[in-house]
Amino acid sequence: MTKKAADFGKLFAELEDITAWFERADVDVEEGLKKFERGLVLAKQCKEFLDEVDVKVKTIKKKYDADTSVGD
């Protein structure tokens, strides 16, 4: 597992913890605002990582699509 993938796992786990915190009945508004902001930061970082993965997947697919068409 690459460092970025490991970091993604940690970021996503923290985001899930925040989501679970909001599902509780006794949510403090001030703490909730801080967690909400942190959640947005985490969501942005996760999206950026997934966008990078998407680009890599498309690059790999394009490479193998090009390789298979050469032999035809």
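I started with F49, which is buried at a relative accessible area of 16% (buried means under 20%, exposed over 50%, partly exposed in between, with a 1.4 Å probe and protein chains only). I noted that this is a predicted model, where local features need pLDDT of at least 70, side-chain atom pairs count only at pLDDT 80 or more, and totals for chains, interfaces and linings use all residues. Residues are numbered from 1 along each chain as its sequence is written, and side-chain values use heavy atoms, leaving out hydrogens and water.

Next I looked up the rings. I found 3 aromatic pairs in the structure (Phe, Tyr and Trp rings, the last by its six-membered ring, with centres within 6.5 Å; planes under 30 degrees apart are stacked, over 60 edge-to-face, the rest tilted). F8 and F49 are stacked, because their ring centres are 4.9 Å apart and their planes are at 25°. F8 sits in helix α1 (residues 3-22) and F49 in helix α2, so this pair ties together parts 41 residues apart in sequence (helices are DSSP runs of H or I, at least four residues, numbered from the N terminus). I saw that F8 is buried too, with 19% relative accessible area. Ring pairs link F8, F12 and F49 into a cluster.

Then I turned to W21. W21 and F22 pair edge-to-face, 5.0 Å centre to centre and 85° between the planes. W21 is buried at 9% relative accessibility, whereas F22 is partly exposed at 36%.

Last, I checked for a charge by this ring: K35 lies over the face of W21, 5.3 Å from the ring centre (NZ of Lys or CZ of Arg within 6 Å of the centre and within 35 degrees of the ring normal).

Key
Helix = DSSP H or I, 4+ residues; strand = E, 2+ residues; numbered from the N terminus.
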